[in-house]
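Look through the structure below before reading on.

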Amino acid sequence: MPRRRISKHDVDQMRKLNIFDLSGGECHSKDPDSIADNQLQQAINVEYDNVSGALKLVDGFDVVIDMPFVAKHLFYAAIFGKILACDANGTLYVADAATRATTLVGQLNGTVPYWCSYNGKIYIASGGVLQQYDGTALSNVAQVYTYTAWQNNHAYTAGTCIINASDPSVYYECTTGGTSGSTAPAWGATTTDGTAIWARKSFDLTADIVFEQNGRLVIARVGDDYLYFSGIRNASNWQFDTNEMNALRLGVNRADDCDITAIGLLSKDIIVFKSNSSRTKNAIYHISGYYPDWTCQPLNFTFDAANKYCVLPVNNELYFMSTQGLMALHTVVEYGDIQQTPPGAAVNSKLNVDRAAARLWLMPHKNQLWCKCANDYYLWIMHYANPNMAFTRRKLMAYQAEAATTDGTNSYFAIGYKLYKLSPDVTREEGDWAIIGGPNETDDIVSSAQDVVQSFDIVADVIPKRYTSYGQMLVKRVKYVPQQGTSGQGSVSIGHYSMPINASIAGLTIDQATEIIDMATEFIDSGDLDQFDNIDQTNFIVDYIEPHIQFTSGGFGMRGLLIEYAEVD
């Protein structure tokens with residue numbers, strides 16, 4: 001940078017830049033100097049305190065269990081007070097945080113579990129036959145039919161359904177009318193009984209999605225058009241007939257050339273997401289009311305849901321991760337064009353959602369929605385109670401996050417072979433030494449997931465808005481104001497000048513002297529500038545002010561920055 005003459009007039013025009021409102025979160029929809037004053041270019045490994053709203057370091061990892069498997073899915077079963085964990089092969093375990101142990105439960109019928117608590121059990125739809133876990137054992141959901149039992153020497157018409165009293169888990173439909181025999185036949189897939197013929201039937205309980213609504217267990221299959229409702233308060237009743245207390249089925253626009261991909265609940269209503277196989281055609285439907293007065297209305301034909309794990313209700317809204325970013329449906333009465341008010345508008349351009357890897361995890365005790373967009377080391381954190389719906393990010397150093405859940409008080413992560421509980425008292429993260437460099441590691445180091453583990457300090461990395469002027473800017477002082485009770489070490493950088501921070505000192509002025517830029521009160525206003533070897537560094541002239549705050553160890557709790565500067569010609 002060329003040397004520049006600093007006049008007394010410049011010094012007299014000293015201004016103060018107060019950066020104390022950091023509540024806006026990251027914004028990537030505008031240029032760095034065009035974002036709002038409270039928004040941030042970057043907010044990595046920080047979050048907003050749920051009570052004070054202050055920007056602070058994300059919680060560190062406290063190891064709960066060293067597991068003999070890599071958990072791909074977690075679900076907190078509140079009725080049992082334990083975490084259900086599933087590996088990539090569909091093997092189900094119970095993880096007990098109190099005893100710090102895992103117990104093998106059994107094998108799922110699929111590998112992609114979707115969970116629902118209903119009538120004192122956990123129901124699991126994993127791509128195979130629907131299963132249930134009662135706190136002790138895993139089993140297939142048994143079907144019980146209540147049709148009239150078979151009678152001998154009885155005239156039956158085609159379409160009549162009966163049961164064999166010795167096995168009510170299946171039923172038989174009369175395909176050819178006639179009179180039954182005098183003795184019970186040997187029941188099979190097709191049974192000739194006197195002059196009547198019967199076909200053995202049962203409902204296919206294959207399910208990818210399961211949830212509860214209005215006292216019924218509801219299942220759906222990805223690639224299908226139907227919702228299937230069990231009998232009221234009876235997960236074994238899948239008898240579809242004219243009795244409205246029994247099972248019900250509802251087709252969701254079977255003519256749209258799309259299939260169900262995900263389902264969410266918005267208050268008492270059901271929101272169904274459908275797409276065709278190539279995802280070139282999408283549809284969102286709203287199902288309201290009760291049988292027989294159901295209504296099904298289309299809401300949108302633009303957005304999709306990335307997968308069945310990417311739809312979650314939050315308070316009176318339904319959030320979903322689309323390939324276009326994070327979207328939301330508000331109360332149905334107010335629903336309009338969701339494209340106009342997506343909650344992720346400030347960051348959607350940077351999310352890069354991968355349909356297979358994307359996940360949403362709700363942490364209501366922290367008022368946070370965690371968004372895993374791809375198989376990378378980042379988690380986006382949406383603070384939905386924040387007036388600005390602000391986003392920050394968490395960057396994991398060694399492993400990708402596989403799964404997460406909450407017991408209502410604590411947040412749990414499954415990463416590698418460990419189950420972690422997040423703790424505000426911990427400022428470190430554990431990870432595999434072979435990828436100590438994180439996601440950009442290029443060294444060809446091969447190691448198993450259970451190699452020597454090293455602990456990393458969680459590094460907070462914050463860049464507020466860029467401040468520009470018509471001319472260049474002379475920075476005189478920078479004052480860092482920490483949140484009370486926090487401590488840590490880091491730096492504030494402006495341009496190429498970096499100033500150390502020891503945040504254990506409240507109201508810290510970042511330098512050993514009162515004049516941060518080591519100038520005292522003597523500004524250069526005349527004379528031979530050639531005598532000064534480091535004029536730019538001494539007077540600290542920059543083209544714009546863009547503070548970069550990093551905390552490399554200890555805690556981070558930032559109230560704001562105070563910067564004094566003057567514009568120079």
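**From the whole chain to single residues**

The protein chain has 569 residues, and 52% of them count as buried. The model is a predicted one. Its secondary structure consists of three helices and 47 strands. Contacts can also be sorted by how far apart the two residues lie in the sequence. Among contacts in the protein chain with a separation of 6 or more, 57% are between residues 24 or more positions apart.

Now turn to the interior. In soluble globular proteins, nonpolar side chains tend to be buried together. In this model the largest nonpolar core has 46 residues. The residues with the most contacts inside this core are F413, Y480, I545, I549 and F556. Which strand gives the most to this core? It is strand 42, residues 467-482, with five residues.

Leaving aside residues up to four places away in sequence, F413 touches F61, L74, W370, L379, R394, A401, A403, A404, K418, L419, Y420 and L422. F413 also belongs to the lining of the largest cavity.

How many cavities of 30 Å³ or more does the structure hold? There is one. The volume of the largest cavity is about 50 Å³. Besides F413, its lining is made up of E47, V58, D59, K366, Q368, W370, L379, I381, R394 and L422. Strand 33 (368-372) and strand 34 (378-383) each provide at least two of the lining residues. Sorted by class, the lining has six nonpolar residues, one polar residue and four charged residues.

Next come the cysteines. A disulfide is a covalent bond between the sulfur atoms of two cysteines. How many disulfides does the count give here? The count is zero. C371 is in no disulfide, because the nearest cysteine sulfur, that of C373, is 5.9 Å away, whereas a disulfide needs sulfur atoms within 2.5 Å. C371 has a relative accessible area of 1%, so it counts as buried, the limit for buried being under 20%. C258, with a relative accessible area of 3%, is buried too.

The backbone has some details to look at as well. A cis peptide bond joins Y291 and P292, with omega at about 5°. P292 sits in the loop between strand 27 (282-288) and strand 28 (295-300).

One is N214, with a phi of about 50°, in the loop between strand 21 (209-213) and strand 22 (216-220). The other is R233, with a phi of about 55°, in the loop between strand 23 (226-229) and strand 24 (248-251). Is each of these residues buried, partly exposed or exposed? N214 has 37% relative accessibility and therefore counts as partly exposed. R233 has 59% relative accessibility, so it counts as exposed. The cut-off that places R233 among exposed residues is over 50%.

Conventions
Residues are numbered from 1 along each chain as its sequence is written. This is a predicted model: local features need pLDDT of at least 70, side-chain atom pairs count only at pLDDT 80 or more; totals for chains, interfaces and linings use all residues. Side-chain values use heavy atoms; hydrogens and water are left out. A nonpolar core is a set of buried Ala, Val, Leu, Ile, Met, Phe, Trp, Tyr and Cys residues joined through side-chain atoms within 4.5 Å. Buried means under 20% relative accessible area, exposed over 50%, partly exposed in between (1.4 Å probe, protein chains only). Helices (H or I, at least four residues) and strands (E, at least two) are DSSP runs, numbered from the N terminus. Contact means heavy atoms within 4.5 Å. On a 1 Å grid over the protein atoms alone, a cavity is a set of points where a 1.4 Å probe fits but cannot get out, and a pocket is an open set with protein on both sides within 12 Å along at least five of seven lines; lining residues have an atom within 4 Å of a point. Grid points are joined across faces, edges and corners, and a volume is the space filled by probe spheres set on the points. Ala, Val, Leu, Ile, Met, Phe, Trp, Tyr, Cys and Pro count as nonpolar, Asp, Glu, Lys and Arg as charged, and the others, Gly among them, as polar.
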